[in-house]
Amino acid sequence: MVTPIHTDGPAALLVQAEQYAESKSRKSTRMAVGLAMMAGLFIGLAFVFYLTVTTGSNAGWGLTRLMGGLAFSMGLILVVLGGAELFTSTVLSMLARANGKISTRSLLYTWARVYIGNLCGALLLVLIVMAAGLYQLDDGQWGLNALHVAQHKLHHSWLQAFSLGVLCNLLVCLAIWMTFTSQNPLTKAVMVILPVAMFVSTGFEHSVANMFMVPLGMSIATFAPDSFWQAVGSSPAAFNDVNLIQFISANLIPVTLGNIVGGAGLVGMGYWLIINPERENKTAHISSLTLPSVPYSERPVMTQETLTIENNMQPAQCALKAQQFVADAIEQLNRHQLQGAPVVDSQNQLVGFFSVQDVLVDLWWNDYQPNMDAKVEDLMRTEVQTVEADQSVIELAQYMSIDNQVLYPVSDTGIATRFTTQSALERAKTQTLSRPYIYPVMKDERLVGVITRANVVRALAPLYGNAMDILPADAKEGLVTA
């Protein structure tokens, strides 16, 4: 079953990207380096696939490179689905630095350990490939192809190599950015194919890929036997320029810097600078619900005085503080038997809402190794729906359980947009709503409490008994007379 893509636009993607960025620095060094080595292996394997596909191809320049690019996309797919740490996507952790979640020192340390891990993984694969003798495939043409690819990478000008690095990681980080729109593995895999195929087929430069490709070329030029050179009609002297100094100075340094600018700068900080000013920092976007009005004739025989939200809410003592540690907030929620609570600042102004759902998502994102220094403001949501104290519980109950757009699917002009043989009751039972179970209650723009789904059910429970008993005597008499 394919999970549909859910996205609320660029701002929602930026929030996910910021969480993704912060998670990079939370991993232990052992885990980060280990996962980075896996990423170096994955990208190296993708280049092995690229060489195999392009060696001896007569499909023409463009089609041959397209086939190679599609094959190379396997590398980023393995990284994304395998949870590996790739330097070119790790540079997005610049977002965590921009938000003040990590220091510059922590940012550079995060980059360095992943970069070194990628290099170790790539070099390990070079050893394995050389031991396997893959360069002798197709009578040595596979190895000759690898030598030509490596040699080509070392003959860009410094500015050209830097620019090709910028373009490469622009596409890689956009591919990663797109994966934030879905939780489905197949969808994520498909999303990264075309951006990767484009950067590979067009010849953009990827620092981690080069950590495998150029050392492979150097290894073939140094260790290939005479039989290999006789088979391909060449000699090691033709590839003297494929050496360590040339690799570091003419390729690895400018390409790495270009990758940082393309990923951290153009994609990460580009989106952050565009969208972040539109979001009020740590300020809640409070929307007071306009609940659907219920015709008086449809209301149960209960007094409005007993059915106001104010008379059925829980007091505001359950509110959390923005600077409160998450562990303390969870304990407070458990004490009040709540799944969430409003968050207030030092002036007791409503600034957000914190729920156990946010905690569970954060735990999953961090492999169930929670950050004990995390505070409520780090996880809370700033989009908050509130209700007024004098509103009716019945109106809130209808809002929580019924979506009129689903129940009565009509356009603004009154034309039906969907036809069904189900009754209104059947449609109401099968609808899927995504609405809060808990609402902050406001009175005169002040937080006075919360009301939960359980409070609503408790308020309406008398309907299953003798509803007349909750009416004053004079009201009963009036109804009997009527």
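Reader: Which residues have the most contacts inside the largest nonpolar core?
Author: Phe 72 and Leu 216 do, in a core of 83 residues. Note that the model is predicted.

Reader: What makes this set a nonpolar core?
Author: Two conditions. Its members are buried residues of the nonpolar kinds listed for a core, and their side-chain atoms join within 4.5 Å. The largest set that meets this rule has 83 residues, so it is called the largest nonpolar core.

Reader: Which residues does Leu 216 touch, leaving out those up to four places away in sequence?
Author: Leu 51, Val 126, Val 129, Met 130, Trp 142 and Ala 146. Touching here means heavy atoms within 4.5 Å.

Reader: Why is His 156 called buried?
Author: Buried means under 20% relative accessible area. His 156 is at 11%, so His 156 counts as buried.

Reader: Where is His 156, and what does it touch?
Author: His 156 sits in the loop between α7 and α8 (158–179). Beyond residues up to four places away in sequence, His 156 touches Ala 161, Leu 164, Glu 205 and Ala 250.

Reader: What makes the pairing of the His 156 and Glu 205 side chains a polar contact?
Author: A polar contact needs N or O atoms within 3.5 Å, one able to donate a hydrogen and the other to accept it. The side chains of His 156 and Glu 205 are paired at 3.0 Å, so the distance falls within that cut-off.

Reader: Why is Gly 83 called partly exposed?
Author: The class runs between the 20% and 50% cut-offs. Gly 83 has a relative accessible area of 37%, so Gly 83 is partly exposed.

Reader: Where is Gly 83, and how far is it from Leu 35?
Author: Gly 83 is in the loop between α3 and α4 (87–90). Gly 83 and Leu 35 are 48 residues apart in sequence, but 7.4 Å apart in space, C-alpha to C-alpha. Gly 83 is also in contact with Leu 35, and with Leu 78, once neighbours within four places are set aside.

Reader: What makes a space a cavity, and how many are there of 30 Å³ or more?
Author: In a cavity a 1.4 Å probe fits but cannot get out. The count comes to one of 30 Å³ or more. The largest cavity holds about 40 Å³ of space.

Reader: Which residues line the largest cavity?
Author: Ile 43, Phe 72, Leu 76, Leu 86, Val 172, Val 196, Phe 199 and His 206. By class, seven are nonpolar, one is polar and none is charged. At least two come from α3, and at least two from α9.

Reader: What is known about the second largest pocket?
Author: Its volume is about 370 Å³. Of the 20 lining residues, Tyr 50, Arg 65, Val 149, His 152 and Lys 153 are the closest to the centre. Two or more lining residues come from each of α2 (29–54), α3 (61–82), α7 (141–153), α9 (185–202) and α10 (207–223). The largest share, five residues, comes from α7. The lining of this pocket divides into eight nonpolar, nine polar and three charged residues.

Conventions. Residues are numbered from 1 along each chain as its sequence is written. This is a predicted model: local features need pLDDT of at least 70, side-chain atom pairs count only at pLDDT 80 or more; totals for chains, interfaces and linings use all residues. Side-chain values use heavy atoms; hydrogens and water are left out. Buried means under 20% relative accessible area, exposed over 50%, partly exposed in between (1.4 Å probe, protein chains only). On a 1 Å grid over the protein atoms alone, a cavity is a set of points where a 1.4 Å probe fits but cannot get out, and a pocket is an open set with protein on both sides within 12 Å along at least five of seven lines; lining residues have an atom within 4 Å of a point. Grid points are joined across faces, edges and corners, and a volume is the space filled by probe spheres set on the points. Helices (H or I, at least four residues) and strands (E, at least two) are DSSP runs, numbered from the N terminus. Ala, Val, Leu, Ile, Met, Phe, Trp, Tyr, Cys and Pro count as nonpolar, Asp, Glu, Lys and Arg as charged, and the others, Gly among them, as polar.
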